[in-house]
Amino acid sequence: MTDKNIENEVLDSANSLEVDSCGCAVVPENIDAPTKAECPQSGTLSKKVLHETLENLIVHDKRDLISKDVQYYFCSDHDCPVVYFSNIDVPLFEKSDLSVKVFAKDKGEDVNVCYCYDWTRKRLSDQIRTTGSSTALEEIGEEVRAGNCECERKNPEGVCCLGAVQNFLKDIS
Ligand SMILES: [Zn+2]
């Protein structure tokens, strides 16, 4: 590959930064892997997720099974037990392999909508019920502006949860 090609590829990968509503940018780490891949169980077209996310959220006993050199994807299908898989044939990870409950796959009230600042479904709906509105978006926004966001480490989806919080609030109000 020529230097020019490498330069173009770097530029391309910079242009394809996935920017979420709060400004968190998730850089697909393996630019040669397809942008999306189908979950082997549900067939759901899934987005890339960083190794960092798996390394933080997979239970200790299973962490050795994370393959270093492959791209992982996050399956967001509600009914599918698979959370992380690769387009390469390596062990995949299911809900029970994570140390947290996955918002997209678990309807429980104790499940986090925002993982960085511990806003569960229950905390959000309790606040709406008692005060008529939620301070969550404002509070999360402040933390994001202060650079305290850790979505790529704490949210199983590896992206900003602000959109999920927004949608959840819309659904319950
Ligand atoms: Zn799936």
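The protein chain contains six helices and nine strands, where helices (H or I, at least four residues) and strands (E, at least two) are DSSP runs numbered from the N terminus. The structure is a predicted model, in which local features need pLDDT of at least 70 and side-chain atom pairs count only at pLDDT 80 or more, whereas totals for chains, interfaces and linings use all residues. Residues are numbered from 1 along each chain as its sequence is written.

Of the 173 residues in the protein chain, 32% are buried, a residue being buried if 20 or more other C-beta atoms, placed from the backbone, lie within 10 Å of its own. Among the contacts with a separation of 6 or more, 54% link residues 24 or more positions apart; two residues are in contact if their C-beta atoms, placed from the backbone, lie within 7 Å.

Five strands form an open sheet with antiparallel pairing, in the order β3-β4-β5-β6-β7, and two strands are taken to pair if DSSP finds at least two bridges between them.

Helix packing is represented by α4 (residues 136-145) and α6 (residues 162-172), whose axes lie 10 Å apart at an angle of about 170 degrees; axes are lines fitted to C-alpha atoms over the stretch in contact, and angles run from 0 to 180 degrees between N-to-C directions. The two helices, α4 and α6, are therefore roughly antiparallel to each other, a description applied to angles over 145 degrees. In this contact, A136, L137 and I140 of α4 meet L162, V165 and Q166 of α6. The residues of the contact comprise five nonpolar, one polar and no charged, with Ala, Val, Leu, Ile, Met, Phe, Trp, Tyr, Cys and Pro counted as nonpolar, Asp, Glu, Lys and Arg as charged, and the others, Gly among them, as polar.

Notes: A residue is buried if 20 or more other C-beta atoms lie within 10 Å of its own, exposed if 12 or fewer, and partly exposed in between; C-beta atoms are placed from the backbone. Angles under 35 degrees count as roughly parallel, over 145 as roughly antiparallel, 65 to 115 as roughly perpendicular and the rest as oblique.
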